[in-house]
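I opened my notebook to look through one protein model, sheet and pocket included. Here is what I looked up, entry by entry.

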Amino acid sequence: MIRNYTKKDKSTLIELLRQNTPEYFDPSEEIEFINYLDHEVEDYFVYELDFKIIGAGGINYFLEEKSARISWDMVDSKSQGKGIGKKLTQHRINHLKRNTEVEIIRVRTSQHAYKFYEKMGFELEKIEKEYWAKNFDLYLMQMKNEAKT
């Protein structure tokens, strides 16, 4: 089940981030994630299985640029490779298809996960070396919002 994030999910999501550190996130990003949960959440979703959160991912909006950004994706380390990330990403893309103000969907990821987004239809826009932290490059990717084509 995919549902909206609530504040009571925060500690579980911090643990989920830690499970994905250092493979997909640098330890320094935990502080940024906590700030995101406290102050920057616009649309954030959790994936539950048997009442346990095993995935999460958000959307932030930049309507002056007619764009939205997929943000802070993570899946429980024991549940990776089972299609949960794909379902969460598709859920957000479908959510954005209903928003006629969004023409471009972007994702900022790293060299560790960009192939996943490529399979989802995102195209590489640019790479910036060691953007997030040492050995964590920025891979900025985008796709057109099908609602606008």
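Which residue in the turn between strand 2 and strand 3 has a positive phi? I looked it up, keeping in mind that this is a predicted model. It's aspartate 50, with a phi of about 55 degrees. The turn belongs to a hairpin, and two residues sit between strand 2 and strand 3.

**Entry: around strand 2**

I stayed with the hairpin and checked how its strands pair. Strand 2 and strand 3 run antiparallel, joined by seven bridges.

Then I turned to strand 1, which pairs with strand 2 (residues 43-49) in the antiparallel sense over three bridges. Here I found asparagine 4 opposite phenylalanine 45 of strand 2.

Is strand 2 enclosed or open? Six of its seven residues are buried, so strand 2 is largely enclosed by the rest of the structure.

I zoomed out next. The sheet is open and has seven strands, in the order 1-2-3-4-5-7-6, with mixed pairing. Which strands stand at the edges? They are strand 1 (2-4) and strand 6; each has a single partner strand, so one side of each is left without a neighbour in the sheet. I also noted the twist, which averages 25 degrees from one strand to the next. A reminder to myself: strands of a sheet pair through backbone hydrogen bonds, either parallel or antiparallel.

**Entry: helices on the sheet**

I looked at what lies against the strands. Helix 1 (residues 10-19) lies across strand 2, strand 3 and strand 4, and runs at about 95 degrees to strand 3. Helix 2 packs on the sheet too, touching strand 2, strand 3, strand 4 and strand 6. The direction of helix 2 makes about 125 degrees with that of strand 4.

**Entry: the largest pocket**

The largest pocket holds about 880 Å³. It is lined by 39 residues, and the closest to its centre are Phe25, Trp72, Asp73, Thr109 and Tyr117. Among the elements that give two or more residues to the lining are helix 2 (29-40), helix 3 (84-97) and strand 5 (104-109).

Which element gives the largest share of the lining? I found that it's strand 4, with seven residues. I sorted the lining by class as well: 17 residues are nonpolar, 13 are polar and nine are charged.

Technical notes: Residues numbered from 1 in each chain as written. Predicted model: local features only at pLDDT ≥ 70, side-chain atom pairs only at ≥ 80, totals over all residues. Heavy atoms only, no water. 1 Å grid on protein atoms, 1.4 Å probe; cavity = no way out; pocket = protein on both sides within 12 Å on 5 of 7 lines; lining within 4 Å. Points joined across faces, edges and corners; volume = space filled by probe spheres on them. Helix = DSSP H or I, 4+ residues; strand = E, 2+ residues; numbered from the N terminus. Nonpolar A, V, L, I, M, F, W, Y, C, P; charged D, E, K, R; others polar. Pairing = 2+ DSSP bridges. Axes fitted to C-alpha atoms, helices over the stretch in contact; angles between N-to-C directions. Contact = heavy atoms within 4.5 Å. Buried < 20%, exposed > 50% of the residue type's maximum accessible area, 1.4 Å probe, protein only.
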